[in-house]
Amino acid sequence: MRESRLGDAVNRQTKVAIIGAGPAGLMLAHLLTRAGIETVIFERHTRSYVENRIRAGILEYEVAALLRETGVGVRMDEVGFRHDGTNILFDGALHRLDFGALGKHVMLYSQHEVVRDLIAARLVAGGEIMFEAEVNAIENFNQGKPRICYRINGEAAELDCEIVAACDGFHGIGRASLPANLVREYDREYPFGWLGILAEAPPSMDELIYAHHDHGFALLSMRSASVSRLYLQCPLDADLAEWPDSRIWDELSTRLAHPGFSLTTGPIFQKNITPMRSYVAEPMQAGRLFLAGDAAHIVPPTGAKGLNAAVADAVILARAIEAEILTDDPAPLQNYTQTCLARIWKIERFSWLMTSMLHCFDDHSAFDRRIQRAELDYYVNTPTGRTSLIENYVGLPIEGV
Ligand code: RFL
Ligand code: PHB
């Protein structure tokens with residue numbers, strides 16, 4: 001087991017250098033290790049930091065299946081929750097979307113738990129993760145033999161490799177290293193944020209509720225039988241000091257109200273505000289450098305897609321690296337960007353749709369509001385609309401799985 005902090009060797013080599021121990025980097029390493037391909041992961045934070053970073057909560061059907069098939073789904077099935085449907089609330093009426101119509105489900109299992117499971121599996125398999133190792137340059141990726149320059153324990157070190165996978169999140173060095181004239185960025189910032197809370201309160205429902213209300217969007221989710229995760233649409237410049245617990249619970253009660261429902265409240269132990277953004281950088285590769293996950297694209301959380309999209313990229317990249325290294329077929333790696341983007345833009349579309357349909361926009365005219373209502377009605381009340389919403393929510397197929 002190698003959980004290295006001290007950089008046990010200074011100029012070394014590996015096949016695939018992976019920057020980032022988030023879901024994309026850890027899943028990529030997991031799949032490559034299973035295929036017998038050597039990897040080293042660099043992570044700037046401590047193990048404890050990445051294992052306790054609270055983020056996403058919903059795993060798509062195929063992502064959950066992948067965790068099971070590759071031996072990292074045991075805890076998910078023990079302590080996660082299987083959801084066979086989700087709920088959309090508007091005009092005070094709850095509409096259930098039954099995933100069983102497509103024979104699928106999603107798993108409610110926190111991102112940090114997935115991260116813990118993947119780290120544990122990697123260390124058991126003898127794989128290396130250098131925690132507190134910050135990559136500060138990626139050299140030579142256009143000339144064949146890339147080199148990673150990093151700092152660990154205050155010292156500079158280097159590692160030579162054949163492929164660099166930048167799974168280093170939205171602010172990482174991977175995308176910043178792509179030649180500026182090569183990259184095109186597609187970006188949308190939304191004029192609101194989400195105020196998220198974790199509360200010691202048993203979930204008020206056994207499934208999620210996505211609520212559209214005149215006061216703004218609200219989401220009821222959960223982390224366990226005793227912990228609720230709830231979100232409220234709030235102004236971008238909202239100050240947490242203006243949101244005492246009582247105001248949060250009042251707003252949640254108002255926005256989630258529907259016949260027969262009562263909101264369970266309890267002590268709030270975490271509060272934060274997240275901005276909302278859609279973003280894609282194209283291409284996702286240059287020479288021997290490949291981006292995966294938030295490094296290349298982000299979505300607003302309304303469709304629960306961020307973690308799932310990161311894992312899907314990792315799967316596509318792992319298959320492509322395996323094809324090159326194990327069967328001498330360079331085509332999947334050459335086509336990596338196209339393969340990912342065909343899926344990513346559909347995820348961007350779905351996340352944008354869910355965000356546009358469910359939030360309140362200050363600049364909406366009466367016409368816009370009527371269109372929004374018609375869209376909600378279409379997606380929950382027509383067979384085609386429902387099927388489309390469910391198909392996207394439970395997850396589009398991942399290429400190569
Ligand atoms: P991650 O998880 O950001 O991991 C990137 C890792 O790279 C490390 N790193 C470096 N390490 C070494 N050297 C460097 N130079 C490095 N630069 C960066 C970082 O420390 C980090 O550990 O990216 P990945 O793997 O692509 O995974 C993506 C998901 O984490 C992300 O899409 C979702 O969590 C997005 N997201 C949410 N998605 C949902 O579907 N539902 C949610 O409720 C939800 N909540 C969230 C979120 C993202 C958030 N962020 C990014 C602030 C809430 C938050 C607060
Ligand atoms: C969450 O549980 O944090 C969660 C669930 C669904 C979403 C976003 C976040 O769409």
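The model is predicted, so to speak of its basis: local features need pLDDT of at least 70, side-chain atom pairs count only at pLDDT 80 or more, and totals for chains, interfaces and linings use all residues. Residues are numbered from 1 along each chain as its sequence is written, and side-chain values use heavy atoms, with hydrogens and water left out.

I begin with strand β3, residues 16–19; strands here are DSSP E runs of at least two residues, and helices are H or I runs of at least four, numbered from the N terminus. Val-16 and Ile-18 lie on one side of β3, Ala-17 and Ile-19 on the other, and all are buried, meaning under 20% relative accessible area with a 1.4 Å probe, protein chains only. In a regular strand, side chains alternate between the two faces of the sheet.

Next, the partners of β3. With β4, residues 39–43, β3 pairs in the parallel sense over four bridges, where pairing requires at least two DSSP bridges. Ile-18 stands opposite Ile-41 of β4. Strand β14, residues 163–166, also runs parallel to β3 and is joined to it by four bridges; there Ala-17 faces Val-164.

I turn to the helices. Helix α1, residues 23–34, packs with helix α5, residues 111–124, at about 35°, their axes 10 Å apart; axes are lines fitted to C-alpha atoms over the stretch in contact, and angles run from 0 to 180 degrees between N-to-C directions. By contact we mean heavy atoms within 4.5 Å. Among the contacting residues are Leu-26 and His-30 of α1 and Val-115 and Arg-122 of α5.

Notes: Chains are lettered from A and ligands numbered from 1 in the order in which they are written. Buried means under 20% relative accessible area, exposed over 50%, partly exposed in between (1.4 Å probe, protein chains only).
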